[in-house]
Amino acid sequence: MWLLLAFIAVPLIEIALFIQVGGAIGLLPTLIIVLLTAIAGSWLVRTQGLRELAKLQQSFSELQDPTEPLANGAMILFAGALLLTPGFFTDVVGLSLLVPQVRHATYLWMRSRVTVRGFSAGPGQPQNQRPDDSVIDAEFKDVTAEKRPTHDPSGWTRH
């Protein structure tokens, strides 16, 4: 339901803003602003995306939790999509997602709503769980014989 409302509300907001801004400053300046935000946004997305990729690689090499760099990368990618979409509302939301403090606050908000049960960095025990001595990891083969009746069925049942 929320997604449907977003698909209806965002274009309406964009149309209203285009009419207001275009009426105040004119058509050509409005189009130049939209073009410049797309160019500047693309450059910012590229530089910040490369920085987050380096942080992600560092977290993997140091066997640390990569959740925050992954979330930041996803938010930067989403910001790039919003900045390439023509419009003022999407540009404001996209540019705000390129501010590290906004991304961090958004990450904390998302983290408070999601429960992570475990994180494993390769083979072995997940890092945030204590070993449980009652669990044995093994392979097995079922060798129990197939059950066969030892007597004829009674008259009460039919095949």
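I take helices as DSSP runs of at least four residues, numbered from the N terminus. By that rule, Ile13 lies in helix H1. The model I am reading is predicted.

**Entry 1: Ile13**

I started with Ile13 and asked: buried, exposed or in between? Ile13 has a relative accessible area of 33%. Buried would need under 20% and exposed over 50%, so Ile13 is partly exposed. Gly87 is 74 residues away from Ile13 in sequence, yet their C-alpha atoms are separated by 9.0 Å.

**Entry 2: H1 against H2**

I then checked how H1 packs. H1 covers residues 2-25, and helix H2 covers residues 27-61. Their axes come within 7 Å and cross at roughly 125°. That angle makes H1 oblique to H2. Which residues make the contact? From H1 I noted Phe18, Val21, Gly22 and Ile25. From H2 I noted Leu27, Pro29, Thr30, Ile33 and Val34. I sorted them by class: seven are nonpolar, two are polar and none is charged.

**Entry 3: H1 against H4**

Helix H4 spans residues 88-97. The axes of H1 and H4 also come within 7 Å, with a crossing angle of roughly 110°. The range for roughly perpendicular is 65 to 115 degrees, so H1 is roughly perpendicular to H4. On the H1 side I listed Val10, Ile13, Glu14, Leu17, Phe18 and Val21. They meet Phe88, Phe89 and Thr90 in H4. Here the classes divide into seven nonpolar, one polar and one charged. Ile13, from my opening entry, is one of the H1 residues in this contact.

**Entry 4: what is buried in H4**

I asked which residues of H4 are buried. They are Phe88, Thr90, Asp91, Gly94 and Leu97. I then looked for what covers them. The cover includes H1, H2, H3 and H5.

**Entry 5: the largest pocket**

The largest pocket has a volume of about 260 Å³. I wrote down its lining: Leu3, Ala6, Phe7, Val10, Pro11, Phe78, Leu82, Phe89, Thr90 and Val93. H1, helix H3 (67-84) and H4 each give two or more residues to this lining. Which element gives the largest share? H1 does, with five residues. By class, the lining has nine nonpolar residues, one polar and no charged. Val10, Phe89 and Thr90 line this pocket, and they also belong to the H1 and H4 contact.

**Entry 6: the second largest pocket**

The second largest pocket has a volume of about 210 Å³. Its lining is Arg51, Glu52, Lys55, Gln58, Ser59, Gln64, Glu68, Pro69, Asn72, Pro100, Arg103 and His104. The elements that give two or more residues are H2, H3 and helix H5 (100-113). H2 gives the most, with five residues. I counted classes again: two nonpolar, five polar and five charged.

**Entry 7: Leu63**

Last, I checked the backbone. Most residues other than glycine have a negative phi. What is phi at Leu63? Phi of Leu63 is near 55°, a positive value in a residue other than glycine. I located Leu63 in the loop between H2 and H3. Leu63 has a relative accessible area of 46%, so I logged Leu63 as partly exposed.

Terms used:
Residues numbered from 1 in each chain as written. Predicted model: local features only at pLDDT ≥ 70, side-chain atom pairs only at ≥ 80, totals over all residues. Heavy atoms only, no water. Axes fitted to C-alpha atoms, helices over the stretch in contact; angles between N-to-C directions. Parallel < 35°, antiparallel > 145°, perpendicular 65-115°, else oblique. Contact = heavy atoms within 4.5 Å. Nonpolar A, V, L, I, M, F, W, Y, C, P; charged D, E, K, R; others polar. Buried < 20%, exposed > 50% of the residue type's maximum accessible area, 1.4 Å probe, protein only. 1 Å grid on protein atoms, 1.4 Å probe; cavity = no way out; pocket = protein on both sides within 12 Å on 5 of 7 lines; lining within 4 Å. Points joined across faces, edges and corners; volume = space filled by probe spheres on them.
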